[in-house]
Each structure stands twice: as structure tokens, then as C-alpha cells.
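Reader: Could you walk me through this structure, stating your cut-offs as you go?

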Amino acid sequence: MVPSHMTQQLDRQFDVECMLSAIEQASASRPSPNPPVGALVVSPAGEVIAAAHHEAAGKDHAERVALAMAGEAARGATLYVTLEPCNHEGQTPPCADAILRAGVARVVVGCLDPNPHVPGGGAKRLEQAGVGVEVGVAGAEARALIAPWTKFITTGTPYVALKLAVSLDGRIASRSGASKWVTGPEARAKVQQLRSLRDAVAIGIGTAISDDPLLTVRDETLLANRASPVRVVFDTHLRLAATARLAATAREVRTWLVAGMDAPQQAEEALVKAGCAVLRVPNSAEGRVEVAAALRSLGDRGVVSVLVEGGAELAGSLLAGRLADELHVFVAPLLLGPRGRPGAVDWAGPDTPEDAPRIVEPRWEVCGRDAYVSGVVAYPGRAG
């Protein structure tokens, strides 16, 4: 006979494995501004009967899809779901109702719902109805899955991923200003993937003028039937030309310009005529767009997460203001020399290495010939 404590360990391990499978299901979910959620229905014998994710805002949540797939086989089964089932009426009916109707015996939840704007209690309601409920299985992974949405729903501002591409000596362009291409094709393909995961892609006006980029996701398969991310330019004085590629394609892909209050009205009219939208926000003490106010404006428009790709002043403002949540840095194995363009971040920087922002648990990869490091940013003196 297997000792009871070993049976409990095996059961716990099985729960974790099932929850990680549900999290993997959620990785295909693109329901912004809703959170990504995955669900599994597992029989008492340990067989996966159904697996599903929340496909898009307004469509059925992952639990309802999985239960519908399972049908009568859900009765007496275990439901694994990455986020606490909802217990309120939104665009779809409460998932707690569907779970009770399906007759599942047990519900395993990755993490509780952090949304302060809706009544919670889905897990509690299920328990009160006699369903076995366990919360917190693979909790760290489940919370990481919804980290962008958690920040958005609790603060009203987007989750900010900052992307940098530098040479071994920290330069972003040669002495002539040439920057195409510092990194290789594999790194650029990775950036396309990073773009596809966000609601918006942002750059500063200097980068917009010097590179004249499109900022689109060129591999349509990465979008999974979603619209392209909104393109955002931090352009204090509205210097972007109406003939720039971003403006010229604004009717095809949404393009927003974040401008200061004193930006020329005539420039705004020309850019709006081209199809751009202009968001006016206060200026900082340095005369630039106030970045925190700009992020709040994006949040007001439903942007849950944004990938910032440059330039140096914008990156510096984000780090100085402790506004970047993740870093994605590509390091190319080449040297551009002391007369090359300065580093990817223009800011005063920390007084000591101990004060420096850093990636908490860096993930290192090789992208072709380039090194790629990414992870959540921590700021000394701030919890988390």
C-alpha cells in the first residue's frame, strides 16, 4: 500500500501538471482587454476530457468552453482553471453558474481574481454549493500569466515591456548613424513575436524620424486573428511628417501620437487628416511628454500592455520613473566604437550598481548570433 503522504504528494504533483497544461492552453489566448485564461476538464481516472482557452473578449470564458466540450463527462470530474471563475454578469454569464450546472466534483484554481471593479467570490460560491475547491496550485505561474492584466486592472495603466538592441560596447548605431541592422534576422523575428503579444508598440519621435519604421507584425500567423497592435509615437511637438510611413499607413493600422499640450494645432490637423489620432497630455519639467500621464491615457483607451522599442530618451524616462515592468535586451556580438551613437538608454542613471534597475530572474537565450536576455524589472527600494 502506498503511504498516505506519498499519495498526497502524487496527487499534488498531478494537480500541478494539470494546471501547467491549463496555463499552456492560456498561452493561445488573446482576449485583451480581458485576461488570458486556460481550463482543463479531467476525469476521476486522470484522463483529460477537454482543454480550452478564452479566445477573445465577448466570447465564452475558458471554463464554459471546456465544460461544453466535455458535456455529460464533466459530471464528477475535476475542472482546472488558471484564474478564479467569475461570479458576476459581464459580457458573458457567470462561470460559477455553468460549473454548478455541469456537476463537477472539484475545481482547482491557479490564482484568485485581482479585479477590484467586480464582485469576486467565485471560489467561495462553489465551496458553499458543496464543490471541492483548491486555490493556488502553480500559483506563481498563474499570476505571471496575468501580470500585465493585473497591473492594468488595478492601476489603470498598461504593463510596459522595454526592448533594447545594443552592440557589445552598448551602442545602438555606428558613428555615421547607421543602425540597420545591429542585430540579426533571428532577433528581429523574436521582436515580431514580442509585438504580436502586446496591444500597442511604442517609439519616440527620434526613432520615428531616423528609422521611418512601420512597426507592424509582418507574420500574420502571429496575430491569431487579432488586429495589429496600435502604433504609438511619443511626439511632444508633433514633428512626425504626414508623409512618414507611420502616418501614410494610419488608415490601415491604428496610429496614435502622444503630444504635449502646446504642440502645433496645424500639425495635428495634418496628421489627423492622414488618419492618425492625437492624444494630448501634460509636458514634463524637461519639456517632453509626461510619460506617466501618457501611459494613463493609453490605459484609458484599453491598452493593457505596450512594447516600447526606443528611443534612448523614452527608455530613460521609463527607467527613471520606474515605469518599465519587463526588459527585453538583444546584444549583438559586434563593436561600434566610442564614436558610435550612445547607449540605448539616455538618463542620469543610478549612483551605484546597488541602486540600478535589474532583471530579477534573467532568462538568457541565443537568437542566431545574438544574445537575448529578458525578465521582470526590479527597482531597489520598491517591493517586488
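**Burial, pairs and pairing**

Author: In helix α11, the buried residues are Val291, Ala293, Ala294, Leu295, Ser297, Leu298 and Gly299, where buried means under 20% relative accessible area, exposed over 50% and partly exposed in between, with a 1.4 Å probe and protein chains only. Helices (H or I, at least four residues) and strands (E, at least two) are DSSP runs, numbered from the N terminus. This is a predicted model, in which local features need pLDDT of at least 70 and side-chain atom pairs count only at pLDDT 80 or more, while totals for chains, interfaces and linings use all residues. Residues are numbered from 1 along each chain as its sequence is written, and side-chain values use heavy atoms, with hydrogens and water left out.

Reader: How many of the residues of helix α11 are buried?

Author: Helix α11 spans residues 291-300 and is mostly covered. Alanine 294 belongs to this helix and is itself buried, with a relative accessible area of 0%.

Reader: Which residues form the aromatic pair, and which strands does the pair tie together?

Author: Rings of Phe, Tyr and Trp (its six-membered ring) pair if their centres lie within 6.5 Å, and planes under 30 degrees apart count as stacked, over 60 as edge-to-face and the rest as tilted. A search of the whole structure finds 1 aromatic pair, formed by phenylalanine 330 and tyrosine 372, which is stacked at 4.5 Å centre to centre with 10° between the planes. Phenylalanine 330 is buried at 1% relative accessible area, as is tyrosine 372 at 2%. The pair ties together parts that are 42 residues apart in sequence, because phenylalanine 330 lies in strand β12 and tyrosine 372 in strand β15.

Reader: In what order do the 5 strands of the open sheet lie, and which of them stand at the edges?

Author: Two strands pair if DSSP finds at least two bridges between them, and in this open sheet the pairing is mixed, in the order β2-β1-β3-β4-β5. Within it, strand β1 (residues 38-42) and strand β3 (residues 78-83) pair in the antiparallel sense over 4 bridges, with valine 42 opposite threonine 78 in β3. One side of each edge strand is left without a neighbour in the sheet, because each has a single partner strand, and these edge strands are β2 (48-53) and β5 (132-135).

Reader: Over which ring does the charged end of arginine 188 sit?

Author: A charge sits over a ring if NZ of Lys or CZ of Arg is within 6 Å of the ring centre and within 35 degrees of the ring normal. The charged end of arginine 188 lies 4.4 Å from the centre of the ring in question, which is that of tryptophan 181.
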